[in-house]
Amino acid sequence: MKKTNKLAVIFAVGLSSGMFSQVGINTQNPQTTFHIDGSKDNPVTGAPSVVQQANDFVVTQQANVGIGVAAPTEKLDIASGNVRIRDINSNVGVGGTDRIVVANASGILKTIDFTAYSLFHTRLAANQNVSGSIITTLLFVTPIATSPFYSYDTGTGVMTFNQPGNYLITLQASFTGMAAGAQLLLGIRSVPDANYLGRASHYNAVAPAVGVGELMSYTTVIVVPSEGYQIRFTAFANQNATVLATETGSTGSGNVTNVTVQKI
């Protein structure tokens with residue numbers, strides 16, 4: 001009877017210690033709670049190299065899973081490679097509600113609302129006078145909507161792109177204080193100053209009423225070649241004119257000169 005009790009105690013102690021040990025498959029040197037060495041190439045002692053870890057699968061005490069990495073820092077940490085889901089089409093996202101998954105510079109997946117994230121929008125700070133035949137930089141207020149894609153200097157009117165790519169730009173302005181037949185022009189110019197990246201011109205049909213301007217709207221795409229690329233938004237008239245920030249008329253008052261930029 002005493003012999004049986006001794007065996008039971010030995011078994012219980014052995015089982016208890018085994019429950020807290022590290023388990024290795026194809027390796028005598030597991031690096032964490034559960035460690036599979038797919039190619040049986042890990043060293044008997046010490047940490048495996050990056051090349052040796054490439055075929056490993058581990059689960060840590062914190063329930064982090066590593067594929068190709070022996071010390072995962074996220075719930076799922078993959079050293080390199082692609083992820084594939086063979087039957088994903090049965091779970092279709094909802095536009096306008098679901099978020100887009102992106103990876104940061106360290107490869108960590110995150111979600112963003114890309115529509116809002118990529119948008120820049122601002123309005124003219126105040127009415128601006130345009131001297132005849134002189135290109136004038138439009139000065140907008142602090143952006144109402146923006147993202148890390150853009151930086152805007154409200155003092156100089158210079159926009160800086162923080163990421164290369166294709167950008168859709170809509171520039172709208174209202175001119176007033178000029179006679180019929182005056183030429184109006186909206187433009188996008190690079191900094192340092194060079195030729196227009198985009199421009200649109202229009203001729204006044206009639207002299208506008210007081211407080212009401214000749215509205216122009218221009219949309220184009222520009223290609224930003226590199227981080228730090230700069231542009232400015234300009235207005236031009238072949239005679240003195242005023243660009244209105246707010247238009248006032250029989251239908252009410254409201255903003256009329258603004259710019260919207262979106263990465264596409």
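Helices (H or I, at least four residues) and strands (E, at least two) are DSSP runs, numbered from the N terminus. By this definition, the protein chain has three helices and 21 strands. The model is predicted, so local features need pLDDT of at least 70 and side-chain atom pairs count only at pLDDT 80 or more, while totals for chains, interfaces and linings use all residues. Residues are numbered from 1 along each chain as its sequence is written, and side-chain values use heavy atoms, with hydrogens and water left out.

Of the 264 residues in the protein chain, 33% are buried, where buried means under 20% relative accessible area, exposed over 50%, and partly exposed in between (1.4 Å probe, protein chains only). Threonine 220, in strand E16 (residues 214-224), counts as buried because its relative accessibility is 17%. Leaving aside residues up to four places away in sequence, threonine 220 touches Tyr167, Leu168, Ile169 and Ile188; a contact here means heavy atoms within 4.5 Å.
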